[in-house]
Amino acid sequence: MRKFAALLALLALTACQADTTTDAGTDADTADTGDLPGAGVTIRSANTDWLEEQFTTEIVNIGLAELGYELEDIRQVDYAALHVSVAN
């Protein structure tokens, strides 16, 4: 079970992309976001069709959303695609 939780955490952080459409360095931008670590970063999470993994992914996504990350819909994929995603 620990391996699955670690894999989900890695997957959530693997697909992070910085948003380059905002002006970095302006004081107004940092005041609006509250200096959250995930401000302007979009995450794409994925899991398999196992119920335990879906539950863990939802919990991780709630925490990431609280940190300011923008979340896309969760995708269900097989393990081969998850391993390739983590490797990339």
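Mentor: Let us start with a contact between two side chains, bearing in mind that this is a predicted model: a polar contact of 2.5 Å joins the side chains of Thr48 and Glu53.

Trainee: Where is Thr48 found, and why is Thr48 called buried?

Mentor: Thr48 is in the loop between β3 (46–47) and α3 (51–66). Buried means a relative accessible area under 20%, and Thr48 has 3%, so the term applies. Leaving aside neighbours within four places in sequence, the residues in contact with Thr48 include Gln76, Val77, Asp78 and Leu82.

Trainee: How do you know that Trp50 and Tyr79 form an edge-to-face pair?

Mentor: By the rule for aromatic rings, the count comes to one aromatic pair. The ring centres of Trp50 and Tyr79 are 6.4 Å apart, with 90 degrees between the planes; the rule asks for centres within 6.5 Å and, for edge-to-face, planes over 60 degrees apart. Because Trp50 lies in the loop between β3 and α3 while Tyr79 belongs to helix α4 (residues 79–87), the pair ties together parts that are 29 residues apart in sequence.

Trainee: Why are Trp50 and Tyr79 called partly exposed?

Mentor: The term covers values between the limits of 20% and 50%; Trp50 has a relative accessible area of 43% and therefore counts as partly exposed, and Tyr79, at 28%, counts as partly exposed too.

Trainee: Which residues of α3 are buried, and what puts them on the same side of the helix?

Mentor: The buried residues in α3 are Glu53, Thr57, Asn61 and Leu64. They cover an arc of only 70 degrees around the axis, and so they lie on the same side of α3. In general, an α-helix has 3.6 residues a turn, so residues three or four places apart point the same way. On the other side of α3, the exposed residues are Leu51, Phe55, Ile62 and Glu66.

Technical notes
Residues numbered from 1 in each chain as written. Predicted model: local features only at pLDDT ≥ 70, side-chain atom pairs only at ≥ 80, totals over all residues. Heavy atoms only, no water. Helix = DSSP H or I, 4+ residues; strand = E, 2+ residues; numbered from the N terminus. Buried < 20%, exposed > 50% of the residue type's maximum accessible area, 1.4 Å probe, protein only. Polar contact = N/O pair within 3.5 Å; in protein donor to acceptor, adjacent residues only side chain to side chain. Contact = heavy atoms within 4.5 Å. Phe/Tyr/Trp six-rings, centres within 6.5 Å; stacked < 30°, edge-to-face > 60°. Arc of directions from axis to C-beta.
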